[in-house]
Amino acid sequence: MTPGEHEDAAKIGMIWKNATWLGLVPILLNFVALFSTGYITRQVGPSQFGRFSIALSLTGLSLLVTDVGLRALAVRDLARGGAGARHELNDLLSLRLVMSCLGVLIAWIVAAIATWSSPALGAVLMVSSLGIIPTALTGTLTDSLVARDQARVTSSSTFWSGVILTVASVIAVAVWPSDLALAASYLIGPIVNMAMLARRSREVYGRFRLRWRPRQWRVLIRRAAPFFRISIVGVAVSRSELPLIGLMFGSTMAGFYAAAVSLADRLAAVIDSVTTAALPTLMRLGGDARRVTDVLSRILHPMLGALLVGCIMASFGTTAAVTVVFGQAYAPGGPALAVALFLLPLTAVNALVFEGFVALRKVDFVAGTILRGQILTGILLPVGLMLFGLPGAPLAKLVGALSVALSRVRAGREYFVGLWGPRYLRPLFRRTLWALPMPIILWLGDFRPVVAVAISGGGFLCWLAATAHSSGVLQLLRPTRLAAASGAPPLPDSTLPPPPSA
C-alpha cells in the first residue's frame, strides 16, 4: 500500500471500529435480551404484548414532534463545528426538551381518545409516553458524542442501560404480569441512558445551559426541515404498522407480529449504527466523489454480503427461531420474519448511498426518491395485510425499499463511479452462492426448532468468520496500526478541536 492508501484504510478502519462499538455490543445485548423477551411474552401473553407494542408505536409517532429532523442536523453540524459546537448543543437540547413536553401532551390526548374504545390500551399509552422526554434528550446526547467519534462511550451507555431495563422488565412482569407493568419498567432504560450520556457529554462539551431562545430555535427547525421532510413519512408509515394490524386483526395478532419482527429490528440497529459511524468521516472528505466512493465501497459491500447470506440461510428457519425464543404460541409470526429479513440488505444500500449523497451535498437530489418509496409503502401496507395477512406488512415495506434502492443506485452511477461495477459484484455474487445449500437442507430436513436454529445460525457464523479472515476485515479494526504503517501519526478519537472549558 502507498502512504495515502494506508491513511484511507485507517479512516475506514476507524469507521468499522466505531460501528463495532455502536452496533455489535448493543446487538449482543439485544440477542441476550431476546430470551428475557421470550419470558416476558410468555408471562403477559400475545394479547397484552400486542397492546404494549401498539402503545410503543403510538409513542414513536409522538416522537416525530420532538425531532423534526434535528437529529440528522445534530450529527452533521457537530461533526464540523468548532468552538460554537457547545452553544449549538445547548440550543438543540433546549429545543428538544420543549418539543418533547409537547410530544407527551399529544400522546396523552391520543391516550384519552383510545380509552373510549380500549381502556387498557389508553392506560398503557399514557404510561409509555412518559419516556418521550428522556428518549428525545438521549438522541441528541448520543449524536453529540458520535460527532466526536466517542462511539465506545455511547455503546457502553446503551449496554448498561439495556441491562438495567432488561432486569427491570423481567422483575416487573414476574411480580405483576401485565402490559401496564411492562410499559412502566421500560421507562427505566431511557432515563439511565440519558444520565450516563449527559455526564460524558459534559466532559466533552462543557456544562449544559438550557436557554429560552425561540428565535434561534426557529433557525434550527428551518435548517432541519429538509431532513424532516425526508423522514416524516417513513417514520409515520413504520409506526402506524402495528396500530393498523391491531385495528384489522386484533391485539393478539399484533403481538405475534411484534414479537417475530423484533428479531429483524435488532439486526436493523446494526445497519443504523454503521451508517451513523461512517457519517463523520464522509463529511470530512471535502466532497471528493472518488474518496467518498472508495469509503462507501469498503463499508457497503462487506455488510451487504453478510446481510444477503444471513437472509438466505435463515429463510427456512424463521418459524423455528420464533418458536425457540417466544414459544409455540407465536409461531404464526415466522413467515412475517422471513420477509422482514430480506428487507435488511435494501435498508443497508439505501442508508449508506444516501449518506454518500449527503457527503457530496446532494441531499435534495435523493429526497424525492425516498418520499416516493415511503408513499408507495403506505399505499401497499393495508393492501398487503388484506391479501397476505401478517407477511403483507413487511412485503409492502420490501417493495417500497426496492423502489428507493433502484432509483438511488441509478442516480448514483453519475457520482459513485464503479460502486456497482463487476469488481465488487462478482465476489459478492460468489460469496452469496455459498449460502444456497443451507435453505435447501432446512427445507428438505425435518428438524426440531432448536436444531434448525443451530444449523442456520452456526452456518452463518462459520461463513462470517471465514470471509472476515480471507478479506482482512479484522485488520481494519486496528486503525492506529494502519496509520502508523503509512508513517503518519496515529489517528485521534476526533479530528475536531478540543472542547472549550466550562
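Biologist: Among contacts in the protein chain between residues at least 6 apart in sequence, what percentage join residues at least 24 apart?

Modeller: The model is a predicted one. Of the contacts between residues at least 6 apart in sequence, 85% join residues at least 24 apart.

Biologist: How many helices and how many strands make up the secondary structure of the chain?

Modeller: The protein chain has 21 helices and zero strands. Of its 502 residues, 52% are buried. The accessible surface of the chain is about 22100 Å², and carbon and sulfur atoms account for 68% of that area.

Biologist: How should I read the packing of two helices, and what is the case for helix α15 and helix α17?

Modeller: Two packed helices are described by the angle between their axes and by the distance between those axes. Here, helix α15 (residues 343-359) and helix α17 (residues 392-412) have axes that come within 9 Å and cross at roughly 35 degrees. The crossing of α15 past α17 is left-handed.

Biologist: Which residues make the contact between α15 and α17?

Modeller: From α15, the contact is made by L343, L346, V349, N350, A351, V353, F354 and F357. From α17, K397, L398, A401, L402, V404, A405, R408, V409, A411 and G412 take part.

Biologist: Why is helix α13 described as largely enclosed by the rest of the structure?

Modeller: A residue counts as buried when its relative accessible area is under 20%. In helix α13 (residues 318-326), seven of the nine residues are buried, so the helix is largely enclosed by the rest of the structure. The buried residues are T318, A320, A321, V322, T323, V325 and F326. Just after α13, G327 takes a positive phi of about 110 degrees.

Biologist: Is L145 buried or exposed?

Modeller: L145, in helix α5 (residues 132-146), has a relative accessible area of 0%, so L145 is buried. Its contacts, leaving aside neighbours within four places in sequence, are Q150, V153, T154, L197, R200, S201 and V204. One of these contacts, R200, is 55 residues from L145 along the chain, yet the two C-alpha atoms are separated by 8.2 Å.

Biologist: How many disulfides does the structure hold, and are C311 and C462 buried or exposed?

Modeller: The structure holds zero disulfides. C311 has 3% relative accessibility and therefore counts as buried. C462, by contrast, has a relative accessible area of 55%, so C462 is exposed.

Technical notes. Residues numbered from 1 in each chain as written. Predicted model: local features only at pLDDT ≥ 70, side-chain atom pairs only at ≥ 80, totals over all residues. Heavy atoms only, no water. Buried < 20%, exposed > 50% of the residue type's maximum accessible area, 1.4 Å probe, protein only. Helix = DSSP H or I, 4+ residues; strand = E, 2+ residues; numbered from the N terminus. Axes fitted to C-alpha atoms, helices over the stretch in contact; angles between N-to-C directions. Left-handed = near helix turned anticlockwise from the far one by under 90°. Contact = heavy atoms within 4.5 Å. Disulfide = S-S within 2.5 Å. Areas by Shrake-Rupley, 256 points an atom, 1.4 Å probe, with all protein chains shown as cover.
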